[in-house]
Amino acid sequence: MPQLNINGRSHDVNVEPDTPLLWVIREQVGLTGTKYGCGVAQCGACSVHLNGEVVRSCALQVSAIKAGDRITTIEGLSKDSSHPVQKAWAAIDVPQCGYCQSGQIMAAAALLAKKSKPTDKDIDEAMSNICRCGTYHRIRAAVHIAAGNTKVGSADALTSDQQNA
Ligand code: FES
Ligand code: FES
């Protein structure tokens, strides 16, 4: 029976070793902010952090997780949605349907933890998550706001075309 540290709490989970972490998070632990999209490590809807690195939990078997590894889900990113990425997302209303957004936020938070002032190229390379609603312009703008590269409402933050994207 693996023991997993998720958002700072220890959970004994009773699953087969090849169970994807995503299903443990959602079904065993009951944290449903992490989403199932493609199931084959392509879309990023299931992104969580493993020891601070973004990983696609649909493709990570629990047997690959070691004792002492730290898993963070969107619910554990902050207690009150006060992480700079969450605040930037809210400030410019990034989500449309919202389905992909917890994965996007986890990817952005991992990027900023490594690179506090990312360029557009850094963001495009790090953020390979798919958004079927096409919120990519707002995602990029929000990452810049979270990084302090631009301010909410500044001309650089979003063009009018981007606001409508
Ligand atoms: S559900 Fe995991 S990458 Fe799509
Ligand atoms: S906001 Fe709808 S899929 Fe991204």
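These legends go with a few views of a predicted model.

View 1. Helices here are DSSP runs of H or I with at least four residues, strands are runs of E with at least two, and both are numbered from the N terminus. Reading from the N terminus, the order is β-β-α-β-β-β-α-α-α-α-α. The radius of gyration is 16 Å, close to the 15 Å that the globule rule gives for 165 residues, so the protein chain is as compact as a globular protein of that length. (That radius is taken over C-alpha atoms, and the rule is 2.2 Å times the number of residues to the power 0.38.) Along the principal axes, the C-alpha atoms fill a box of roughly 55 × 25 × 25 Å.

**View 2. Burial and contacts across the protein chain.** Of the 165 residues, 45% are buried; buried means under 20% relative accessible area, exposed means over 50%, and partly exposed is in between, using a 1.4 Å probe and protein chains only. Take the contacts (heavy atoms within 4.5 Å) between residues at least 6 apart in sequence: 56% of them join residues at least 24 apart.

**View 3. Helix H2 meets helix H5.** The axes of H2 (residues 84-91) and H5 (residues 136-147) come within 8 Å and cross at roughly 130°. That makes H2 oblique to H5. Axes are lines fitted to C-alpha atoms, for helices over the stretch in contact, with angles from 0 to 180 degrees between N-to-C directions; under 35 degrees is roughly parallel, over 145 roughly antiparallel, 65 to 115 roughly perpendicular, and the rest oblique. The crossing of H2 and H5 is right-handed, as the near helix is turned clockwise from the far one by less than a right angle. On the H2 side, look for Pro-84, Val-85, Ala-88 and Trp-89; H5 brings Ile-139, Ala-142, Val-143, Ile-145 and Ala-146.

**View 4. Asn-51 in a loop between strands.** Asn-51 sits between strand S3 (47-50) and strand S4 (53-56). Its phi is positive, about 50°, although Asn-51 is not a glycine. Most residues other than glycine have a negative phi. With 34% relative accessibility, Asn-51 counts as partly exposed.

**View 5. Ser-81 in the loop between strand S5 and H2.** Strand S5 covers 70-72. Ser-81 is not a glycine either, yet has a positive phi of about 55°. At 48% relative accessibility, Ser-81 counts as partly exposed.

**Notes.** Residues are numbered from 1 along each chain as its sequence is written, and chains are lettered from A and ligands numbered from 1 in the order in which they are written. Local features need pLDDT of at least 70, side-chain atom pairs count only at pLDDT 80 or more, and totals for chains, interfaces and linings use all residues, while side-chain values use heavy atoms, leaving out hydrogens and water.
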